[in-house]
Amino acid sequence: MTLKLTSGAKLVAATHNPGKAREIAALLEGRFQVIAAGELGLPEPEEIEQTFVGNAVLKARKAADASGLPALADDSGLSVRALDGQPGIYSARWAGPTKDFAIAMAKVEERLEESHSDDRSAFFTCALALAWPDGPVVAVEGRVEGSLTFPGRGERGFGYDPIFTPEGHSITFGEMDPTAKDAMSHRARAFEKLKAALFD
Ligand code: IMP
C-alpha cells in the first residue's frame, strides 16, 4: 500500500472545530477535499494518551476507521521546561471550561513563581497524524523554541501567544504579524514534514 495521497482525494479532518478544519485545508494547499469529523457526525474521542503524538494518532485512527476515509488529526500545546513540560498535552484544559486563556497564562506564571526557577524556556509542539482506514498511520511533530514573557503582550494571536517570544525574536507571537508566525510556527513545521512524507 502506498503512503501517498493523491490530489483531490477526500480527507477527514479529525476535529469538531470548523475553523481548524478550514485551517487544515489551507495548510494542505487546497489539494484535498477536507471534510470535518463533526460534519460526518463522528463522535469526539476523549484524549487519553500521554503525548501529543499519542493523542493525534488516537483521534486520526478513530476518525479513519469510523468514516472509511483517510483522516488527519493534530494535537498541540505549550511545554514549559521549569514546569517539567506542563501544561503540555493539557494546554487547552488549563484554560478551563470557559476556554479563558487569561486564566491559563496566569496559571503558568503562578506555577513558575512557585517553582523558584529562573528558566523561562518553553516550546510549542504540534503533532500531526494521518491514518488510513484499517491501515497504517504516519505521525510527525513540529516544534518552535522560545521563552516566556510576563506580562503577556499582543492581541493578534490566540491561546498562549501573548506570553511566548520565539527564539531569535524580541516580540511575542501575540504581537507578531500572523504571516510571520505562520512561517515559523510549530504547526507550519509539522505540516512541512507531513507534506514531505505524503505528497507525490
Ligand atoms: P488542541 O486543540 O487540543 O491541540 O489544544 C491545543 C491548545 O494549545 C490550544 O488550545 C492552545 O491553547 C495551545 N496552542 C497550540 N498552538 C498554539 C499557538 O500557536 N499559539 C498559542 N497557543 C497554542
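Let me begin with overall dimensions: for 200 residues a compact globule would have a radius of gyration near 16 Å, and the chain, at 17 Å, agrees with that; the radius is taken over C-alpha atoms, and the globule rule is 2.2 Å times the number of residues to the power 0.38. Please keep in mind that this is a predicted model, in which local features need pLDDT of at least 70 and side-chain atom pairs count only at pLDDT 80 or more, while totals for chains, interfaces and linings use all residues. Residues are numbered from 1 along each chain as its sequence is written, and side-chain values use heavy atoms, with hydrogens and water left out.

Along its principal axes, the C-alpha trace spans about 50 × 30 × 25 Å. The accessible surface comes to about 9900 Å², with 52% of it belonging to carbon and sulfur atoms, as computed by the Shrake-Rupley method with a 1.4 Å probe. Buried residues, meaning those under 20% relative accessible area (1.4 Å probe, protein chains only), make up 44% of the 200 residues.

Turning to the fold, the chain has 5 helices and 6 strands, and from the N terminus on they run β-α-β-α-β-α-β-β-β-α-α. These elements are DSSP runs, helices being H or I over at least four residues and strands being E over at least two. Taking contacts, that is, heavy atoms within 4.5 Å, between residues at least 6 apart in sequence, 60% join residues at least 24 apart.

Two strands count as paired if DSSP finds at least two bridges between them. Strand β1, residues 10-13, runs parallel to β3 and is joined to it by 2 bridges, with A71 of β3 as the bridge partner of V12. Strand β4, residues 121-131, runs antiparallel to β3, and 10 bridges join the two; here the bridge partner of G77 is T125 in β4.

Finally, consider I89, which lies in the loop between β3 and α3 (101-115). Is I89 buried or exposed? I89 is buried, because its relative accessible area is 10%. Leaving aside residues up to four places away in sequence, I89 touches E49, Q50, T51, F52, N55 and D75. For one of these, N55, the C-alpha to C-alpha distance from I89 is 8.4 Å, although the two are 34 residues apart in sequence.

Definitions and conventions: Buried < 20%, exposed > 50% of the residue type's maximum accessible area, 1.4 Å probe, protein only.
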